[in-house]
Amino acid sequence: MSGDWRTVFLSGIVSQYDALSHQDHTMNSASGVTLIRNGQLVDGTGSPPIPNAHVIIRDGRIVYAGSAIGSPSLPNDVASIDANGGTIMPGLVEAHYHPTYFNVAALEDLDIKYPVEYVTLLAANNAKLALECGYTAARSGGSLFNIDVWLRKAIEDDIMPGPRLAPSGREICGVGGLMDWNPDYRRIGMEGLVLLINGPDEARSAVRKLVKDGIEWVKTYPTGDAAAPDTNDHHTLCMTFEEMHAVVATAHNHKLKVTGHCRATQGILNALKAGYDAIEHGTFIDDEGLELLLKRDVPCVPALQFEYASIEFGPSFGMSQRVVDGHKETLEGGAESARRILKAGGRLGMGGDYGFAWTPHGTYAKELTFFVEHVGLTPLEVLKCATKTGAEIMGRSDEFGTVEVGKLADLLIVDGDPVTDIRVLEDRKRFIAVMQGGVIKAGKLA
Ligand SMILES: [Zn+2]
């Protein structure tokens with residue numbers, strides 16, 4: 001008899017884990033056929049635009065993408081969308097997204113500014129905003145508590161609008177490292193934001209906690225940042241190689257991926273040697289690091305507009321000159337590293353750490369403009385990084401990230417040409433439609 005209640009009990013448990021599984025992408029797609037016409041096609045592969053294109057969607061997936069001339073004939077009464085002479089392109093992918101950051105002006109704003117109840121509401125609103133900004137998918141760079149995991153579920157269940165999410169949940173950092181800022185006398189820990197570890201055993205147990213939470217990416221802090229010049233600046237290591245290796249071995253065993261905040265040269269090397277699946281920032285990469293990165297084809301998400309905005313606007317939020325000087329150094333180093341990585345054939349994701357007071361949510365596409373105007377990438381290179389590479393980082397490039405036959409119709413239709421003026425992507429008023437699976441979720445037609 002006892003077997004019966006165990007079966008019932010366990011099936012309840014199993015279904016809860018299923019509900020949190022990253023394999024469970026259940027967002028509704030459109031049904032029927034839709035033709036998008038009268039626009040150029042930028043397919044996200046880096047290829048030059050195809051003028052006067054047609055994109056045909058059937059049941060939420062792309063069945064034709066190319067010149068109108070080669071387009072299959074459709075019934076006259078088929079639903080159609082007029083791109084108004086603008087651009088049909090893949091939905092954007094924000095590759096370093098913090099849904100729970102909100103107008104952060106000081107480090108402690110990240111963990112104790114608001115209670116978890118309010119942060120959850122803010123995160124839901126930020127997710128809606130990201131979709132309205134043309135971002136149909138996003139990889140989390142870390143989240144307060146486990147909010148991004150449940151946000152993903154709400155979005156996939158069509159309870160609320162937002163990008164398709166790859167969640168990270170709480171981050172991992174060494175004790176005394178960048179993310180360990182609450183002094184002991186305050187008698188509060190960091191447990192909402194980061195799991196603090198000492199040694200490989202604690203690194204393993206931290207990852208094991210996250211496995212149960214339902215995350216996809218383990219976000220770590222191998223190095224410090226310009227934000228903490230006294231004890232954890234951008235040349236300081238915040239985790240040992242042994243700790244990082246233990247994180248990777250445990251995460252990979254449970255089919256999770258690992259990334260980390262990597263600025264210092266040695267921190268980047270440690271991450272690449274430990275088997276990290278991505279590098280955030282990659283600020284001071286050296287020749288050895290670059291060679292390893294290319295050999296293992298590890299993508300890097302530089303997040304540079306944040307540095308620029310910190311220098312420009314940080315002082316008006318009370319940022320000290322020492323911190324500003326540090327950001328100048330990390331901007332210069334980061335821009336140079338990004339150029340070297342792309343030129344050598346490496347992959348860059350476009351994600352920007354948005355959610356600080358000087359880089360508010362809703363301004364994500366400033367990252368793309370910055371890479372064209374200040375880093376020197378071409379618009380087509382940046383668009384590929386912001387779509388195809390983003391989907392690759394999320395491990396879902398077979399589903400979205402390019403406008404190609406068989407993929408989900410996660411599309412952005414813009415009244416303008418981002419290839420000649422990347423700034424049109426900053427202006428939501430120019431968006432005719434933002435689609436996920438062929439369903440118009442935002443833009444003028446929504
Ligand atoms: Zn971040």
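Reader: Why is Tyr114 called partly exposed?

Author: Buried means under 20% relative accessible area, exposed means over 50%, and partly exposed lies in between, with a 1.4 Å probe and protein chains only. Tyr114 has 31% relative accessibility, so the residue counts as partly exposed. The model is predicted: local features need pLDDT of at least 70, side-chain atom pairs count only at pLDDT 80 or more, and totals for chains, interfaces and linings use all residues. Residues are numbered from 1 along each chain as its sequence is written, and side-chain values use heavy atoms, with hydrogens and water left out.

Reader: Where does Tyr114 lie, and what makes Tyr114, Tyr118 and Leu121 a patch?

Author: Tyr114 is found in the loop between helix 2 (109-112) and helix 3 (116-132); helices (H or I, at least four residues) and strands (E, at least two) are DSSP runs numbered from the N terminus. A patch is made of residues with over 30% relative accessible area and no salt bridge, joined within 9 Å for like charges and within 5 Å for nonpolar side chains (Val, Leu, Ile, Met, Phe, Trp, Tyr). Tyr114, Tyr118 and Leu121 form such a nonpolar patch on the surface, with about 300 Å² of accessible area together, by the Shrake-Rupley method with a 1.4 Å probe, where for residues only the protein chains shown count as cover.

Reader: How do you know whether Asp410 and Thr136 are buried or exposed?

Author: Asp410 has a relative accessible area of 3% and is therefore buried. Thr136, at 1%, counts as buried too. Asp410 lies in the loop between helix 12 (379-393) and strand 14 (411-414), while Thr136 belongs to strand 6 (residues 135-140).

Reader: What does Asp410 touch, and which side chain does Asp410 meet in a polar contact?

Author: Contact means heavy atoms within 4.5 Å. Beyond four places in sequence, Asp410 touches residues including Thr136, Arg164 and Phe400. The side chains of Asp410 and Arg164 are joined by a polar contact of 2.6 Å; the term requires N or O atoms within 3.5 Å, one able to donate a hydrogen and the other to accept it within protein, and residues adjacent in sequence count only if both atoms are side-chain atoms.

Reader: What makes Asp213 and Arg170 a salt bridge?

Author: A salt bridge is a side-chain nitrogen of Lys or Arg within 4 Å of a carboxyl oxygen of Asp or Glu. The side chains of Asp213 and Arg170 meet at 3.2 Å, N to O. This pair links distant parts of the chain, 43 residues apart, with Asp213 in helix 5 (residues 199-213) and Arg170 in the loop between strand 7 (164-166) and strand 8 (171-174). Both Asp213 and Arg170 are buried.

Reader: Which protein atoms are called donors of the zinc ion?

Author: Donors are N, O and S atoms within 2.8 Å of the metal (3.2 Å for Na, K and Ca); water is not among the atoms, so sites may look incomplete. His96 (NE2), His98 (NE2) and Asp353 (OD) lie 2.0 to 2.1 Å from the zinc ion and are its protein donors. Both His96 and His98 are buried.
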